[in-house]
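Here is a short briefing to read alongside the structure.

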Amino acid sequence: MRRLDDVITIIINMVVFCTQTSAGGSDIFGCPPSKSFEFGSRGLISCTFPTDLSEVYWYDDVSGRSDIPAIAGYRLSNHEKSGLGVEGGEYDILPNGTLVITNVTLRHEKQYKVLACTTRNCKPSSSLSVLVTGKFEHVFKAIMTLCSIKLLES
């Protein structure tokens with residue numbers, strides 16, 4: 001008799017969970033602690049967002065300040081993109097909230113945060129680290145070229 005009661009309780013809990021999830025959307029939200037991208041590649045930083053996501057904003061978290069402007073934002077209701085990084089072409093943002101680094105360089109190796117908003121509330125993520133990998137010969141060539149030009153000018 002006890003086992004039957006346990007089974008009935010589990011079934012009731014599953015029905016309640018499924019009803020709440022389908023009615024109000026899933027509140028599941030999370031990002032990986034780090035992502036690695038090859039130097040010079042296109043980097044996609046995706047997280048698991050709530051199903052009723054209405055807005056998403058990505059921040060450069062290197063300063064740790066909360067008053068910095070968003071590098072990328074997306075409002076699902078009117079498909080509006082915003083943010084300094086989007087306007088400058090360094091970043092893009094997809095309708096599912098994924099941040100796109102258009103051309104990964106060493107300056108992208110830092111901390112990022114994302115703010116996910118639903119119609120009910122907004123939740124910030126914990127920091128996410130971006131690591132840049134690959135061969136950096138072309139970086140050293142550019143530095144050597146720049147140094148050679150400076151030497152010729154002096």
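Strand 6 and strand 7 (residues 99-101) run antiparallel to each other and pair over three bridges. Please keep in mind that this is a predicted model.

- Isoleucine 93 has leucine 99, in strand 7, as its bridge partner.
- The pair belongs to an open sheet of three strands, in the order 2-7-6, with antiparallel pairing.
- Strand 2 (43-45) and strand 6 (91-93) are the edge strands; each has a single partner strand, so one side of each has no neighbour in the sheet.
- From one strand to the next, the twist averages 25°.

**An aromatic pair**
- The count of aromatic pairs comes to one.
- Tyrosine 91 and tyrosine 112 make up this edge-to-face pair, with 6.3 Å from centre to centre and 75° between the planes.
- The two partners come from distant parts of the chain: tyrosine 91 sits in strand 6 and tyrosine 112 in strand 8 (residues 111-118), 21 residues apart.
- Tyrosine 91 has a relative accessible area of 4%, so it falls under the 20% cut-off and is buried.
- Tyrosine 112 is buried too, at 0% relative accessibility.

**The disulfides**
- How many disulfides are there? The count comes to two.
- One joins cysteine 31 and cysteine 47, whose sulfur atoms are 2.0 Å apart.
- The S-S torsion of cysteine 31 and cysteine 47 is about 105°, so this disulfide is right-handed.
- It links distant parts of the chain, with cysteine 31 in the loop between helix 1 (2-24) and strand 1 (34-38), and cysteine 47 in the loop between strand 2 and strand 3 (53-60), 16 residues apart.
- Cysteine 47 is buried, at 14% relative accessibility.
- Cysteine 117 is joined to cysteine 122 by a disulfide, with 2.2 Å from S to S.
- The torsion about the S-S bond of cysteine 117 and cysteine 122 is about 110°, so that disulfide is right-handed.
- Cysteine 117 is buried at 5% relative accessible area, whereas cysteine 122 is partly exposed at 44%.
- With the bonded cysteines numbered in sequence order, the pairing reads 1-2, 3-4.

**The chain as a whole**
- Along the sequence, the pattern is α-β-β-β-β-β-α-β-β-β-β-β-α.
- The chain has 154 residues, of which 30% count as buried.
- Of the contacts between residues at least 6 apart in sequence, 52% join residues at least 24 apart.
- The accessible surface is about 9,900 Å², and 61% of that belongs to carbon and sulfur atoms.

How values were computed:
Residues numbered from 1 in each chain as written. Predicted model: local features only at pLDDT ≥ 70, side-chain atom pairs only at ≥ 80, totals over all residues. Heavy atoms only, no water. Pairing = 2+ DSSP bridges. Helix = DSSP H or I, 4+ residues; strand = E, 2+ residues; numbered from the N terminus. Axes fitted to C-alpha atoms, helices over the stretch in contact; angles between N-to-C directions. Phe/Tyr/Trp six-rings, centres within 6.5 Å; stacked < 30°, edge-to-face > 60°. Buried < 20%, exposed > 50% of the residue type's maximum accessible area, 1.4 Å probe, protein only. Contact = heavy atoms within 4.5 Å. Areas by Shrake-Rupley, 256 points an atom, 1.4 Å probe, with all protein chains shown as cover. Disulfide = S-S within 2.5 Å.
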